[in-house]
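Look over the sequence and the structure before reading on.

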Amino acid sequence: MTAARAYSTYSQNNVQIESPEKLIEMLYEGILRFCSQAKKAIENNDIEKRVYWINRAIAIFSELIVSLDPDRGGEIAYYLEGLYAQQIKFLNECNINNDVKSLEIVMNVTKELLEAWREEISHEMA
């Protein structure tokens with residue numbers, strides 16, 4: 001999925017996106033929402049839904065990796081690429097082992113990313 005396709009998908013769902021910065025925020029929120037759904041599926045022993053929601057979160061992380069621009073982002077882009085890849089690894093471990101602990105790690109990291117992103121955007125706006 002490319003950034004343009006992600007934008008198109010959200011637009012088709014009647015979600016107003018004000019900027020690319022808002023899209024990144026929405027993607028992080030999507031990861032948290034999908035991980036939360038996966039956690040519920042694990043608690044309900046629903047393998048099909050667990051796999052579905054985890055795969056949705058993995059797709060977002062994959063898109064975030066593809067959208068990184070090392071020429072513009074420098075070291076931060078390389079750091080984020082590794083961090084996102086690690087989250088995909090944790091999500092795959094969760095899927096294989098039905099492991100809530102791995103899922104919670106991803107949720108905590110994503111919450112921190114979202115908070116940092118919001119803080120950065122608010123500084124840019126000020």
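Lysine 22 is partly exposed, with a relative accessibility of 24%. The model that gives this value is a predicted one. The partner of lysine 22 in a salt bridge is glutamate 25, and their closest N and O atoms are 3.9 Å apart. That pair counts as a salt bridge because the cut-off between a side-chain nitrogen of Lys or Arg and a carboxyl oxygen of Asp or Glu is 4 Å. Lysine 22 and glutamate 25 are three residues apart in helix α2, so about one helical turn separates them. Glutamate 25 has a relative accessible area of 16% and is buried, because buried means under 20%.

**The chain as a whole**

The chain has five helices and zero strands, and its pattern along the sequence is α-α-α-α-α. Of its 126 residues, 35% are buried. Contacts between residues at least 6 apart in sequence can be sorted by separation: 59% of them join residues at least 24 apart. The chain exposes about 8,000 Å², and 51% of this comes from carbon and sulfur atoms.

**Salt bridges**

Side chains of opposite charge can pair when their charged atoms come close. How many salt bridges does a search of the whole structure find? The search finds four. Three of these pairs are listed here.

| Lys or Arg | Glu | Closest N to O |
|---|---|---|
| Lysine 22 | Glutamate 25 | 3.9 Å |
| Lysine 39 | Glutamate 104 | 2.9 Å |

Lysine 39 forms a salt bridge with glutamate 104, with 2.9 Å between the closest N and O atoms. Lysine 39 lies in helix α2 and glutamate 104 in helix α5, so this pair ties together parts 65 residues apart in sequence. Lysine 39 is partly exposed at 24% relative accessible area, and glutamate 104 is partly exposed at 32%.

**A patch of negative charge**

On the surface, a patch of negative charge gathers Glu21, Glu112, Glu115, Glu119, Glu120 and Glu124. Which helix gives the most to the negative patch? Helix α5, residues 100-125, does, with five residues. Glutamate 21 is placed in helix α2, which covers residues 20-43. The relative accessible area of glutamate 21 is 31%, so this residue is partly exposed. That value also meets the accessibility condition for a patch, because patch residues need over 30% relative accessible area.

Valine 106 lies in helix α5. Is valine 106 buried or exposed? Valine 106 counts as buried, because its relative accessibility is 0%. Apart from neighbours within four places in sequence, valine 106 is in contact with Cys35, Phe61, Gln87, Phe90 and Leu91. From C-alpha to C-alpha, valine 106 and alanine 57 are 9.7 Å apart in space, while 49 residues apart in sequence.

Conventions:
Residues numbered from 1 in each chain as written. Predicted model: local features only at pLDDT ≥ 70, side-chain atom pairs only at ≥ 80, totals over all residues. Heavy atoms only, no water. Helix = DSSP H or I, 4+ residues; strand = E, 2+ residues; numbered from the N terminus. Buried < 20%, exposed > 50% of the residue type's maximum accessible area, 1.4 Å probe, protein only. Contact = heavy atoms within 4.5 Å. Areas by Shrake-Rupley, 256 points an atom, 1.4 Å probe, with all protein chains shown as cover. Patch = residues over 30% accessible without salt bridge, like charges linked within 9 Å, V, L, I, M, F, W, Y side chains within 5 Å. Lys, Arg positive; Asp, Glu negative; His and termini not counted. Charge placed at Lys NZ, Arg CZ, Asp CG, Glu CD.
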